[in-house]
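Here is a briefing on one protein model. Look over the sequence and the structure, then read the points below.

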Amino acid sequence: MKNHIEIHKEVQEALKQGQAVVALESTIIAHGMPWPENMETAMAVEKIIRDKNAIPATIAILDGKICIGLKNSQLEHVAKSKDVLKVSTREIAYVCSSGKNGATTVASSMKLASLAGIKVFVTGGTGGVHRNGENTMDVSTDLTLMSKTPVAVVSAGVKSILDIGLTLETLETLGVPVITFRSDYFPSFYSSASPYLSPLRMNDTAEIAKLIRTHFELGMESSVLVANPVPHENEIPYDEIESLIQTAINKSQRNDIKGKDITPYLLKEIAEASGGRSLATNIALIKNNAVLGADIAKAMEF
Ligand code: PSU
Ligand code: MN
């Protein structure tokens with residue numbers, strides 16, 4: 001396995017010392033946001049984590065090598081180049097064996113973070129069960145990996161391009177604890193709430209860190225999902241974003257967009273239709289998640 005993975009020196013050192021490390025995905029950079037906002041955000045998120053005295057480890061595959069922790073030049077390649085494939089778990093071996101470049105999703109980042117020994121992972125939003133998923137069977141591998149990867153995930157919930165209710169049901173089936181930070185309702189990415197109650201609510205990071213620690217000490221194989229509502233001042237009200245989402249889904253069906261292309265397609269359509277407003281919200285919530293993720297990772301140090 002060592003032949004395929006390169007852990008950045010700083011990340012390696014932190015893991016050895018038991019210092020807090022926060023893993024980050026790269027699909028959000030390569031396929032979730034446009035240049036140059038993607039690069040600026042990726043760097044800002046790393047800085048937020050460093051300022052909290054934790055070490056960021058952005059994950060990507062470059063020239064077939066799995067990189068845990070990126071140099072700025074590598075980050076820039078992921079953000080700028082057109083040759084960076086979207087890599088979920090099933091594409092990892094292909095991209096490695098063919099020496100290609102890939103940006104990792106929540107699923108593949110979790111898997112690789114776990115191989116490196118990292119316990120906390122921060123993203124914007126996770127994948128889930130798509131609307132009409134009970135017929136199309138479009139269910140993100142993110143959920144499968146959450147069922148069998150002991151890495152905590154901090155996200156702003158799931159977008160309503162997904163079926164939030166079915167996603168929460170599936171997380172229950174898969175045995176994944178779901179905690180919402182300081183809210184009774186599970187957040188819906190652009191909005192701080194959704195119509196769905198969160199299975200658990202916790203108000204402080206030490207309490208969350210203790211639950212995660214206990215979950216892993218008991219040998220549970222699943223993840224813990226920590227949902228962090230976008231700050232009120234940055235949110236887009238549920239009803240407002242809903243019509244844009246519906247228009248984007250209809251357009252994706254007319255254009256016969258399928259499989260792994262659906263999520264990036266919808267994100268791009270919604271960003272354009274909202275005149276960049278959804279992008280600003282996206283950036284704000286990722287930063288907000290980085291703060292919480294770093295706080296949790298720090299609280300797990302001791
Ligand atoms: N949701 C977002 N932004 C994203 C993604 C999801 O709000 O950028 C990305 C993440 O990398 C996630 C992936 O893991 O999309 C899920 O893709 P799919 O639905 O094809 O499994
Ligand atoms: Mn899918």
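Methionine 1 lies in the segment before strand E1 (5–7); strands are DSSP runs of E with at least two residues, helices are runs of H or I with at least four, and both are numbered from the N terminus. This is a predicted model, where local features need pLDDT of at least 70, side-chain atom pairs count only at pLDDT 80 or more, and totals for chains, interfaces and linings use all residues. Residues are numbered from 1 along each chain as its sequence is written, chains are lettered from A and ligands numbered from 1 in the order in which they are written, and side-chain values use heavy atoms, with hydrogens and water left out.

- Methionine 1 is exposed, at 65% relative accessible area.
- Exposed means over 50%, buried under 20%, and partly exposed in between (1.4 Å probe, protein chains only).
- From methionine 1 to aspartate 184 the C-alpha distance is 42 Å, across 183 residues of sequence.

**Overall build**
- The protein has 13 helices and eleven strands.
- Its radius of gyration is 18 Å, close to the 19 Å from the globule rule for 302 residues, so the protein is as compact as a globular protein of that length.
- That radius is taken over C-alpha atoms, and the rule is 2.2 Å times the number of residues to the power 0.38.
- The C-alpha trace spans about 50 × 40 × 35 Å along the principal axes.
- Of the 302 residues, 53% are buried.
- Among contacts with a separation of 6 or more, 74% join residues 24 or more positions apart; a contact means heavy atoms within 4.5 Å.

**Surface and charge**
- The accessible surface is about 13,400 Å², and carbon and sulfur atoms hold 52% of it.
- Areas come from the Shrake-Rupley method with a 1.4 Å probe; for residues, only the protein chains shown count as cover.
- There are 30 positive and 34 negative side chains, with the centres of the two sets 6 Å apart.
- Lys and Arg count as positive, Asp and Glu as negative; His and the chain ends are not counted.
- Each charge is placed at NZ of Lys, CZ of Arg, CG of Asp or CD of Glu.

**Cysteines**
- The disulfide count is zero, where a disulfide is a pair of cysteine sulfur atoms within 2.5 Å.
- For cysteine 67, the nearest cysteine sulfur is that of cysteine 96, 9.4 Å away, too far for a bond.
- Cysteine 67 is buried at 4% relative accessible area; cysteine 96 is buried at 14%.

**Threonine 41**
- Threonine 41 sits in helix H3 (residues 37–51) and is buried, at 4% relative accessibility.
- Beyond neighbours within four places in sequence, threonine 41 contacts Met33, Ile283 and Ile286.
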